[in-house]
Amino acid sequence: GPVNIVVRNLIWLNSEVIRIAADGLEVGDIRLRLDVSLRYDSRVEIPETVRKDRLQTGVSCFNACLRKCTPEKSMLFLLDETRMPFFESDFESVLADCFRTSIKVIKMGLLLDGVKGIKGHGFGFTPSGDDFVAGLLIAFHILQKLNLYHYKETIEEVYAAALSENRLAAAMLCYAYQGRVNEKAKQAIQAIFSTDENRIMAGAQNLISIGATSGADFGAGLVFGLSHIKSNER
């Protein structure tokens, strides 16, 4: 999720056209109904029983777990300066400096200017900077759902500032804007609110398995947003 449909045993179907309907798939002239109960819910939901005071404890543990298993050239270097030497080439060094400058701008309170400096830059089909911003958007949704800060307008503005012509990145950011994530990201977020360090480590390891650095970059944005950004306190 949120844009994957997983089906089995369709080898016998041969059609160049597949349509997605409200309640299933249409493969050629054949209509396949999908059980609604099996649909993955991509919304980030925080159970009412979750204690808000666990947030920073869980985020700190998640951050530590990410540092242990994250790929070398992920955006986590923004949270851990000791990872800077991994950016060895001239291009990588300039890229890292660009990201660091943008983060400084964000910490100065110029969130949108910082996001504009990050978007579209980095490695992968969905650039590292866009993955980071997606994590940032989800962090805002979490804080909003916990009734800690007002982020509705911030989410709108960050999403508008982050959009580019990269369709893959635009789709990812669109779902993050809606507060929707894939299953691995959702499991990692749920683990943050647990008190089980092993579960948090498993969530971090599962998250970083997304792409070469995409999961780690998303995780870095998530941690940064939950740790460093504040809007209007409720």
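**Notebook: helix pairs, sheet and rings**

I began with helices H3 and H5, and I noted that their crossing is right-handed. A crossing counts as right-handed if the near helix is turned clockwise from the far one by less than a right angle, and as left-handed if anticlockwise. Helices (H or I, at least four residues) and strands (E, at least two) are DSSP runs, numbered from the N terminus.

This is a predicted model, in which local features need pLDDT of at least 70 and side-chain atom pairs count only at pLDDT 80 or more, while totals for chains, interfaces and linings use all residues. Residues are numbered from 1 along each chain as its sequence is written, and side-chain values use heavy atoms, with hydrogens and water left out.

**Entry on H3 and H5**

I looked up how H3 (residues 111-118) packs with H5 (residues 152-162), and found an angle of about 30 degrees with the axes 9 Å apart. The axes are lines fitted to C-alpha atoms, for helices over the stretch in contact, and the angles run from 0 to 180 degrees between N-to-C directions. H3 and H5 are therefore roughly parallel, a term for angles under 35 degrees, whereas over 145 counts as roughly antiparallel, 65 to 115 as roughly perpendicular and the rest as oblique. On the H3 side the contact (heavy atoms within 4.5 Å) is made by Leu111, Leu112, Val115 and Lys116, and on the H5 side by Thr154, Glu157, Val158, Ala161 and Ala162. I sorted these residues by class and got six nonpolar, one polar and two charged. Here Ala, Val, Leu, Ile, Met, Phe, Trp, Tyr, Cys and Pro count as nonpolar, Asp, Glu, Lys and Arg as charged, and the others, Gly among them, as polar.

**Entry on H1 and H9**

I then turned to H1 (residues 55-69) and H9 (residues 214-228), which pack at about 150 degrees with their axes 10 Å apart. These two helices are therefore roughly antiparallel, and H1 passes H9 in a left-handed crossing. H1 brings Leu55, Gln56, Val59, Phe62, Asn63 and Leu66 to the contact, and H9 brings Gly219, Ala220, Leu222, Val223, Leu226 and Ser227.

I traced an open sheet of three strands in the order E1-E2-E3, with antiparallel pairing; two strands pair if DSSP finds at least two bridges between them. E1 and E3 stand at the edges with a single partner strand each, so one side of each has no neighbour in the sheet. From one strand to the next, the twist averages 20 degrees. Four bridges join E1 (residues 18-21) to E2, where Gly24 is the bridge partner of Ala21, and a hairpin joins these strands through two residues. E2 (residues 24-27) pairs with E3 (residues 30-33) over four bridges, and Val27 stands opposite Ile30. E2 and E3 also form a hairpin with two residues between them, and Gly28 in the turn has a positive phi of about 65 degrees.

**Entry on rings**

I looked up the aromatic pairs and found six. Rings of Phe, Tyr and Trp (its six-membered ring) pair if their centres lie within 6.5 Å, and planes under 30 degrees apart count as stacked, over 60 as edge-to-face and the rest as tilted. One of the pairs is Phe77 with Phe87, whose ring centres are 4.7 Å apart and whose planes stand at 55 degrees, so this pair is tilted.
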